[in-house]
Amino acid sequence: MPKSMSKDAGGPDKPLQRLLGGFIRLHVLHHAAEKEGVVGNWMIEELRRHGYRLSPGTLYPILHAMEEDGWLKSRKAPGGGRRRVYRITQAGRRAFSVAQERLGELLQEVAEP
Ligand SMILES: [Zn+2]
């Protein structure tokens with residue numbers, strides 16, 4: 001079995017992470033649209049629950065890049081410390097709704113028997 005077939009979607013398994021990277025970003029956007037937003041550690045746990053194993057060293061650069069791309073906006077988490085809360089932006093909402101539409105279409109196609 002090639003290394004890229006292992007179950008681990010993050011960490012050292014770069015090919016699989018590249019393949020599933022859009023799913024990870026959409027999952028982040030989905031939760032960043034919730035009222036309380038997301039913090040990195042919570043998102044790592046949430047992704048783990050769905051079978052993705054990302055280290056902080058993998059997730060944080062993704063969050064930073066998504067902020068740079070304008071999909072997320074972060075601010076310091078209440079209670080101090082270095083934690084940041086990420087929330088979706090208006091541009092992020094528009095992009096997410098495009099992705100939702102495409103995802104629905106793709107799902108229909110790939111789910112066909
Ligand atoms: Zn989730």
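**Core and helix packing in a predicted chain**

Biologist: In which helix does I44 lie?
Modeller: This is a predicted model, where local features need pLDDT of at least 70, side-chain atom pairs count only at pLDDT 80 or more, and totals for chains, interfaces and linings use all residues. Residues are numbered from 1 along each chain as its sequence is written. Helices (H or I, at least four residues) and strands (E, at least two) are DSSP runs, numbered from the N terminus. On that numbering, I44 lies in helix 2.

Biologist: Is I44 buried or exposed?
Modeller: A residue is buried if 20 or more other C-beta atoms lie within 10 Å of its own, exposed if 12 or fewer, and partly exposed in between; C-beta atoms are placed from the backbone. I44 has 20 C-beta neighbours inside 10 Å, so I44 counts as buried.

Biologist: Which residues does I44 touch, not counting those up to four places away in sequence?
Modeller: Contact means that two C-beta atoms, placed from the backbone, lie within 7 Å. With sequence neighbours up to four places away left out, I44 touches L54, P56 and L59.

Biologist: How do helix 2 and helix 3 lie relative to each other?
Modeller: Axes are lines fitted to C-alpha atoms, for helices over the stretch in contact, and angles run from 0 to 180 degrees between N-to-C directions. The axes of helix 2 and helix 3 come within 10 Å and cross at roughly 115°. Angles under 35 degrees count as roughly parallel, over 145 as roughly antiparallel, 65 to 115 as roughly perpendicular and the rest as oblique. Helix 2 and helix 3 are therefore roughly perpendicular.

Biologist: Which residues of helix 3 meet helix 2?
Modeller: The helix 2 side of this contact is G40, M43 and I44. Across from them, helix 3 supplies P56, L59, Y60 and L63.

Biologist: How do helix 1 and helix 2 lie relative to each other?
Modeller: Their axes are 11 Å apart, at an angle of about 120°. I24, H27, V28 and H31 in helix 1 meet M43, E46 and L47 in helix 2. Helix 1 and helix 2 are therefore oblique.

Biologist: Where is the kink in helix 1 centred?
Modeller: The bend at a residue is the angle between axes fitted to the seven residues ending there and the seven starting there. In helix 1 the kink is about 55°. It is centred on L20.

Biologist: Which residues touch the most other members of the largest nonpolar core?
Modeller: A nonpolar core is a set of buried Ala, Val, Leu, Ile, Met, Phe, Trp, Tyr and Cys residues joined through C-beta atoms within 7 Å. The largest one has 16 residues, and those touching the most other members are V28, A32, L47 and L72.

Biologist: Which helix supplies the largest share of this core?
Modeller: Helix 1 (14–32), helix 2 (40–49), helix 3 (56–68) and strand 2 (84–88) each supply at least two residues of the core. The largest share is 4 residues, and it comes from helix 1.

Biologist: Which residues does M66 touch, not counting those up to four places away in sequence?
Modeller: M66 sits in helix 3. It is buried, because 22 other C-beta atoms lie within 10 Å. The C-alpha atoms of M66 and L29 are separated by 9.2 Å, 37 residues apart along the chain. Leaving out sequence neighbours up to four places away, M66 touches R25, V28, W71 and L72.

Biologist: Is R93 buried, partly exposed or exposed?
Modeller: R93 lies in helix 4 and touches A33 and I88, not counting residues up to four places away in sequence. Its C-alpha atom is 7.6 Å from that of W71, 22 residues apart in sequence. Because 14 other C-beta atoms lie within 10 Å, R93 is partly exposed.

Biologist: What pattern does the protein chain follow along the sequence?
Modeller: There are 4 helices and 2 strands. Of the 113 residues, 19% count as buried. Read along the sequence, the pattern is α-α-α-β-β-α.
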